[in-house]
Amino acid sequence: MADFLEMESRDGIRMTWNVWPSSKIESSKCVIPLAAVYSPLRTAPEMPVLPYPPLRCKSCLCILNPYSRVDYTAKIWLCPFCYQRNHFPQHYAMINESNVPAELFPQYTTIEYAISGDRASNPNPVFLFVLDTCVIEEELGYVKSALRQAITLLPENALVGLITFGTQVHVHELGFADLFKTYVFRGSKEISKEQILDQLGLTGPRPGFPKGATVGGMPGAGALNGITAGGINRFLLAASDCEYTLNSLLDELQRDQWPVGANSRAMRCTGMALSVAAGLLGACVPGTGARILALVGGPCTEGPGMIVSKDLSEPVRSHKDLDKDAAPHYHKAIKFYDSLAKQLVNQGHVLDLFACALDQVGVAEMKVAVERTGGLVVLAESFGHSVFKDSFKRIFEAGNQSLGLSFNGTFEINCSKDVKIQGIIGPCSSLEKKGPSCADIVIGQGNTTSWKMCGLDKNTSLTVFFDVAPSERSSSALQAANQQLFIQFLTHYQHSDGQMRLRVTTITRTWVEGSATTEELVAGFDQETAAVVMARQASFKMETESLMQQDG
């Protein structure tokens, strides 16, 4: 157990089996799957961050690691994954047995590379607040207070935007402090991303903005995605530049003014508001770390994503209704949020949901968009409850209390040729990058060696399932020299300070031959990890199989 904990503290990984059966037949007898629980951004105080790009194998693109064999005289390194001989580039000319680069130190099996060196040129994090105004005056006051506190905690370079919604969606322009300007969208009608951008005036040049305007305080940013810097700054502005404007907007913000009948629910267009938010971010900051923070106080009652009608005589769907497929709006809402999830994943953006109400708000329908983007969900009975207040504050806190929120990540796995990847269960979405390492049997997000992780933090963990390829290893002449397998995890992400980084974790495990080595297998069995893996797999099966039954 001490060895398992030591490996976890160093590499952020625990495996069900730390000694692997060498054949597919023997692995099928293990019952517990060959799996790993990996935390890509686990805090590692002793891990160095190297200020230069990684060195990759020219054949399999794996990165130089402590398990690579090095010929210091010839300046050649042998890739442990494909056995390709690679020459060191010129800037490695001074290496020798007593002058070893950090990536070859045996204790640095996990290491990070700073991809972009100049922090001034790094993209700024973006926070777009989407606020429900169909709440009572007291609740709205609590939300305003939480937002004011959040603005003071945001990094000065962070870009901020504000959207409010009720019966209609209001996109607030922050670029002019002297005159508040709002773009209004009808909540009952679903419109395309192009129509949203056209109504916001983001589809072409607009008069009145000087050349050389800045994006988030970065001069020379020019046009982005065909949109001028001035156009972006109308809706997304650095926190330090728009703090007064935002506070003034919050002071004047009122409850939704649309009248609500005695036997009716408030007309709340949550889905339309999130669609507008996704379209705005997709146009202004595609491929840059951004979070949509939705603060919702009740169920969506009109437009896309509706879960219940305005008529109070229609009850909100229950678990029993979902089991019996008796929820009239469920499948249409699921289809909408599934489409929204794909859009957000493609853009690299996160959806966080803060649902504070005594009634249901539709988390069952919305969860697909939150899960696939790696977002957070907080449930409370009121915006004045300490659960909401403390959780909302933690997102923006720095120092020891920081969650270590990172953005726009890509996760890749490389492994030895006899190891196959079945898939991943966790907050990620497949990039459909198929390769020889993909297994025939799929668990979770499979048939790929690369995944998108729009949002991740130091507590994010993934469960990766592996399989043993059917091969002739046991009769191979290389058996004695090839007793180890290698797996490399690559996490490319935008750090909370805006810097682009690549974290590389390389691990090795041992093959054991034949059925006479049961003791070795048992000695390498991690029962705590096995319990976690089986629980996650069971939970995933229950959710997916119930959805398949409903669709059937």
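Predicted model: local features only at pLDDT ≥ 70, side-chain atom pairs only at ≥ 80, totals over all residues.
I will start with the sheets. One of them is open, with 4 strands in the order β1-β3-β21-β18, and its pairing is antiparallel. At the edges are β1, residues 13-15, and β18, residues 419-425, each of which pairs on one side only. Neighbouring strands in this sheet are turned against each other by 25° on average, with direction ignored. If you want a place to look, take β18 and β21, which are joined by 6 bridges in the antiparallel sense. There, Gly-423 stands opposite Phe-465 in β21.

The other sheet I want to show is an open one of 3 strands, in the order β5-β6-β7, again with antiparallel pairing. Its edge strands are β5, at 69-71, and β7, at 85-87, and each of these pairs on one side only. Strand β6, residues 76-78, runs antiparallel to β7 and is joined to it by 3 bridges. Trp-77 has Asn-86 in β7 as its bridge partner.

Now the charged pairs. How many salt bridges does a search of the whole structure find? The search gives 19. As a reminder, side chains of opposite charge can pair when their charged atoms come close. I will go through three of these pairs.

Arg-42 has a relative accessibility of 30%, and so counts as partly exposed.

Next is Asp-467 with Lys-24, where the closest N and O atoms are 2.5 Å apart. This pair links distant parts of the chain: Asp-467 is in strand β21, residues 462-468, Lys-24 is in helix α2, residues 24-28, and the two are 443 residues apart. Is Asp-467 buried or exposed? With a relative accessible area of 11%, Asp-467 is buried. Lys-24, at 32% relative accessibility, counts as partly exposed. Note that β21 is also one of the strands in the sheet of 4 strands.

The last pair is Arg-372 with Asp-338, whose side chains meet in a salt bridge at 2.8 Å, N to O. Arg-372 is in helix α10, residues 363-372, and Asp-338 is in helix α9, residues 330-347, so the contact ties together parts 34 residues apart in sequence. Arg-372 is partly exposed, at 23% relative accessibility.

Some of the salt bridges share partners, and in this way Glu-8, Arg-14, Arg-42, Asp-526 and Glu-528 are joined into one network.

The buried residues of α9 are Tyr-330, Ala-333, Phe-336, Tyr-337, Leu-340, Ala-341, Leu-344, Val-345 and Gln-347. After α9 comes Gly-348, which has a positive phi near 80°.

The crossing of α3 past α11 is right-handed.

Finally, two residues to check in the backbone. Leu-61 is not a glycine, yet its phi is positive, about 70°. Leu-61 is in the loop between β4 and β5, and its relative accessibility of 48% makes it partly exposed. Asn-408 is also not a glycine, and has a positive phi of about 50°. Asn-408 is in strand β17, residues 406-415. At 9% relative accessibility, Asn-408 counts as buried.

How values were computed. Residues numbered from 1 in each chain as written. Heavy atoms only, no water. Pairing = 2+ DSSP bridges. Salt bridge = Lys/Arg side-chain N within 4 Å of Asp/Glu carboxyl O. Buried < 20%, exposed > 50% of the residue type's maximum accessible area, 1.4 Å probe, protein only. Axes fitted to C-alpha atoms, helices over the stretch in contact; angles between N-to-C directions. Left-handed = near helix turned anticlockwise from the far one by under 90°.
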